[in-house]
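Here is a short briefing for a first look at a structure. Start with the picture, then read the points below it.

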Amino acid sequence: MMNSPTPPARRAELLAAGAAAVTVVLWASAFVSIRSAGDAYSPGALALGRLLAGALTLGVICLLRREGWPPRPAWRGIAISGLLWFGFYMVALNWGEQQVDAGTAALVVNTGPILIALLGARLLGDAMPPRLLAGMAVSFAGAVTVGLSMSGEGGSSVLGVVLCLLAAVAYAGGVVAQKPALGTASPLQVTTFGCLVGAVMCLPFAGQLVHEAADAPASATLNMVYLGIFPTALAFTTWAYALSRTTASKMGATTYAAPALVVLMSWLFLGEVPGLLTLAGGALCLAGVAVSRSRSRTARAGAPGAAPEPRPEEAADSAR
């Protein structure tokens, strides 16, 4: 006899999956906008402009919803994720991707979800089932394949590789720090104040932003604003919502769907027709995500009359 989740639990599971899907689609769309805005704005100015647009959007929503300040226990995780993920990560990634080709960037930056799994297991007690590890391995291979196949003739500098590696480490550390904060604060609070912390960290680039905005074409500035409203304000909030309902490891694995969506969006919006190798890499990314988010037969079915086996994230939550 197969045990199915109760209707409320099933609804919560579907909402979390939908939120994760929104995040991945919007983060993939950022690729197109960064290509435009990055030609007119330097890495620090672009990060600051994006974060200011995001913080303003989130602040208005918080006021309308009367969210208030996060509880004191959540501030440590919010501050760390704001500094590492919203602040340092965005500047380092923008800068690093100007120094290396796409293949090198894909290889280095996409170690982020693997680092999340390792840190999550060490610091949060996340389970690492074989399906998750296998799916992440397949997706990582696909992400590197996509990056290599879409690379131009650009070179790779040591500085660029180091920056991309630091960005991946900051991303992983920010996600793992954010998870405990979601135990006491709402996803909107965690995202809003994390974005604000990142914006404050990037204030030294304010002079560059003002100077470059005066000369930038309207399309580049609009793309920067888009990055702040949608891939930052909306996508980071839906990410936090989904993260509060599953493990950091599984959420990290989900982001491997982004390279496949980048291929599709580059085809649709930039006219970059993908080759067979690029399509194969995208298919590997999606296949790996499907494997990592699937559950084994024993987890879906239990003995007659027995209680359903708790999922790893539920067991971790109950342990805390």
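A residue counts as buried when its relative accessible area is under 20%, and as exposed when that area is over 50%. Phe 86 has 0% relative accessibility, so Phe 86 is buried. Keep in mind that this is a predicted model. The protein has 15 helices and 0 strands.

**Overall build**

- The protein has 320 residues, and 47% of them are buried.
- Take the contacts between residues at least 6 apart in sequence: 92% of them join residues at least 24 apart.

**Helix 1**

- Helix 1 covers residues 7-37, which is 31 residues.
- At 1.5 Å a residue, helix 1 should span 45 Å.

**Aromatic pairs**

- The whole structure holds 13 aromatic pairs.
- One of them joins Trp 27 and Trp 239, with ring centres 5.2 Å apart. The ring planes meet at 35°; pairs count as stacked under 30 degrees and as edge-to-face over 60, so this one is tilted.
- Trp 27 belongs to helix 1 and Trp 239 to helix 10 (residues 218-243). The pair therefore links parts of the chain that are 212 residues apart.
- Trp 27 and Trp 239 are both buried.
- Phe 86 and Phe 236 form another pair, with ring centres 4.6 Å apart. Their planes are at 40°, so this pair is tilted too.
- Phe 86 sits in helix 3 (residues 75-96) and Phe 236 in helix 10, so their pairing ties together parts 150 residues apart in sequence.
- Phe 236 has a relative accessible area of 2%, so Phe 236 is buried.
- Ring pairs build a cluster from Trp 27, Trp 85, Phe 86, Tyr 89, Tyr 171, Phe 236 and Trp 239.

**A charge over a ring**

- Which residue lies over the face of Tyr 241? Arg 245 does, at 3.8 Å from the ring centre.

**Thr 192**

- Thr 192 is placed in helix 8 (residues 187-201).
- Is Thr 192 buried or exposed? Its relative accessible area is 7%, so Thr 192 is buried.
- Beyond its neighbours within four places in sequence, Thr 192 contacts Leu 58, Gly 59 and Cys 62.

Conventions. Residues numbered from 1 in each chain as written. Predicted model: local features only at pLDDT ≥ 70, side-chain atom pairs only at ≥ 80, totals over all residues. Heavy atoms only, no water. Helix = DSSP H or I, 4+ residues; strand = E, 2+ residues; numbered from the N terminus. Buried < 20%, exposed > 50% of the residue type's maximum accessible area, 1.4 Å probe, protein only. Contact = heavy atoms within 4.5 Å. Expected span 1.5 Å × (residues − 1). Phe/Tyr/Trp six-rings, centres within 6.5 Å; stacked < 30°, edge-to-face > 60°. Lys NZ or Arg CZ within 6 Å of the ring centre and 35° of its normal.
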